[in-house]
Amino acid sequence: MKTDPKCPECGAASLYRTTTPSGGGHGPILLPQLGSFWQAAGFEVVACVACGFTRFFADAKARAKLPKADRWARI
């Protein structure tokens with residue numbers, strides 16, 4: 001994630017971030033093959049208080065696995 005303190009949607013400087021797993025349990029795994037056997041890959045989530053625009057960024061460990069993961073195709 002780039003460190004731009006303004007929302008790309010509305011321009012407000014009211015962004016907050018957290019981390020969360022990319023799925024599993026009762027929902028789909030949103031980053032398949034990029035986590036480990038025991039833990040789904042993670043997302044950094046950034047949300048704007050002003051307009052609600054939300055972005056998800058795959059964590060660094062997950063991104064490093066992309067080139068070798070057969071369920072992901074380069075575009």
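**Group meeting talk: a pocket, a sheet and some cysteines**

The largest pocket here has a volume of about 180 Å³. A pocket is an open set of points on a 1 Å grid over the protein atoms alone, where a 1.4 Å probe fits, with protein on both sides within 12 Å along at least five of seven lines. The volume is the space filled by probe spheres set on those points.

Two notes on the source. This is a predicted model: local features need pLDDT of at least 70, side-chain atom pairs count only at pLDDT 80 or more, and totals for chains, interfaces and linings use all residues. Residues are numbered from 1 along each chain as its sequence is written, and side-chain values use heavy atoms, with hydrogens and water left out.

Back to the pocket. Its lining has 14 residues, counted if they have an atom within 4 Å of a point. Nearest the centre lie Gln39, Ala40, Ala41, Gly42 and Asp59. S1 and helix H1 (60–65) each give the lining at least two residues. Helices (H or I, at least four residues) and strands (E, at least two) are DSSP runs, numbered from the N terminus.

Now the sheet. Three strands form an open sheet in the order S1-S2-S3, with antiparallel pairing. Two strands pair if DSSP finds at least two bridges between them. At the edges sit S1 (15–21) and S3 (54–58), each pairing on one side only. How many bridges join S1 to S2? Seven, and S2 covers residues 42–48. One of the partners is Glu44 in S2, bridged to Thr19.

Glu44 comes up again. The structure holds one salt bridge, and the side chains of Arg17 and Glu44 make it, at 3.9 Å, N to O. The cut-off is a side-chain nitrogen of Lys or Arg within 4 Å of a carboxyl oxygen of Asp or Glu. Arg17 is in strand S1 and Glu44 in strand S2, so the pair ties together parts 27 residues apart in sequence. Arg17 is exposed at 58% relative accessibility. Glu44 is partly exposed at 23%. Buried means under 20% relative accessible area, exposed over 50%, partly exposed in between (1.4 Å probe, protein chains only).

Last, the cysteines. A disulfide is a covalent bond between the sulfur atoms of two cysteines. The rule here asks for sulfur atoms within 2.5 Å. The count is zero. Cys10 is partly exposed at 40%, whereas Cys48 is buried at 5%.
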